[in-house]
Amino acid sequence: MSQFLVLLVAVLAVDAAMASASRLQYGYYSQTCPQAEKIVRDVIGRNRMREPRSAASVMRLQFHDCFVNGCDASLLLDDTPNMLGEKLALSNINSLRSYQVIDEAKEELELACPSVVSCADILIMAARDAVELSGGPCWEVKLGRLDSLTASQEDSNRIMPSPRANATYLIDLFKSFNLSITDLVALSGSHSIGQARCFSIVFRLYNQSGTGRPDPNMDPTYRKKLDHLCPLSGDGNVTGDLDATPRVFDNQYFKDLVNLRGFLNSDQTLFSGNALTGELVRRFSRDQQAFFSAFVEGMVKLGDLQSGQPGEVRKNCRVVNKPAESGSYQVWVLNDKRMK
């Protein structure tokens, strides 16, 4: 590679980082694809009608994408012979679902506005719509993200928290992303809808912290229910509700934590394991609007996480574009027609 080309790539990479930090804006597709948000919302709504659980699955995709090198749809890339992607990472395998819902939205957007709307932006819009359609708050989303050119299973394994995580670890993890304790508790409220696997809680039921005993921070009646659902030698892929109203986005999740009925250890620890997070759990259990407001703020901040790396607008969310489709991705970052 010539010195000129090396310098050009370096300059373009720096420019990409600067552009990614400033490019996000409201109404980003108002001129280039004005129907983009409606298309995504309609797809999320249709899939939720067919399978109510899909709303929670779609919403989770934003968190699992944005925490690993920013909101760049790296999560959606399939493995290749030269790359181990994030779908089979420890926190994602046999856990994340509904990738096909994002595929459906992308296919419709490509018909309406070819090569305009990024997969990364689809994830942001879809998460918002999944929350609202489940009874939660609505908010305006900033758009203008580019899709990554690679993914990293190693990074996902290193970054994403385990369902065994305690409050102290979670506070420190969120702080590393400039997310506050309030953001942590509010965003954990995403578990207001959806389910999780028995695999994630067997240790709580039978061997918490290596004691050979169940987690003491669990209502006895609730524990008996989970014992029946998740026996020690049972199928770890059986799922249980994350709160008592798993299809409605509300503050029941926090009420359950106060009553020691949290499904995951990483949820219950927010009430039982730390005074600061515990007080926020109590507050949100009493005031649903306070939870909704904090959740929206946290989701916006989560969506602002960017890697600053060069990217593209994928035609298929599962694979990077072929050179003939995207040209030089470095030049694409600088000359992105959507920025005009």
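Which helix holds I122? I122 is found in helix α5 of this predicted model.

View 1. Beyond its neighbours within four places in sequence, I122 is in contact with V40, I102, A105, K106, L109 and V117. A36 lies 86 residues from I122 in sequence, with 8.8 Å between their C-alpha atoms.

**View 2. Helix α4, residues 99–112.** The 14 residues of α4 should span 20 Å at 1.5 Å a residue, and the end C-alpha atoms are 20 Å apart, which agrees. Buried residues of α4 include I102, A105, K106 and L109. The buried residues of the helix pack against α2 (36–50), α3 (54–66) and α5 (119–133).

**View 3. The disulfide of C33 and C113.** The sulfur atoms are 2.1 Å apart, and the link is right-handed, with 75° about the S-S bond. C33 sits in the loop between α1 (3–22) and α2, and C113 in the loop between α4 and α5, 80 residues apart. C33 counts as buried because its relative accessibility is 1%; C113 counts as buried at 5%.

**View 4. The disulfide of C119 and C317.** This link is left-handed, with -100° about the S-S bond. It joins distant parts of the chain: C119 in helix α5 and C317 in the loop between α14 (288–303) and α15 (323–326). Both C119 and C317 are buried.

**View 5. The disulfide of C198 and C230.** The sulfur atoms are 2.0 Å apart. The torsion about the S-S bond is about -65°, so the disulfide is left-handed. C198 and C230 are 32 residues apart, and both are buried.

How values were computed. Residues are numbered from 1 along each chain as its sequence is written. This is a predicted model: local features need pLDDT of at least 70, side-chain atom pairs count only at pLDDT 80 or more; totals for chains, interfaces and linings use all residues. Side-chain values use heavy atoms; hydrogens and water are left out. Helices (H or I, at least four residues) and strands (E, at least two) are DSSP runs, numbered from the N terminus. The expected span of a helix is 1.5 Å times one less than its number of residues. Buried means under 20% relative accessible area, exposed over 50%, partly exposed in between (1.4 Å probe, protein chains only). Contact means heavy atoms within 4.5 Å. A disulfide is a pair of cysteine sulfur atoms within 2.5 Å.
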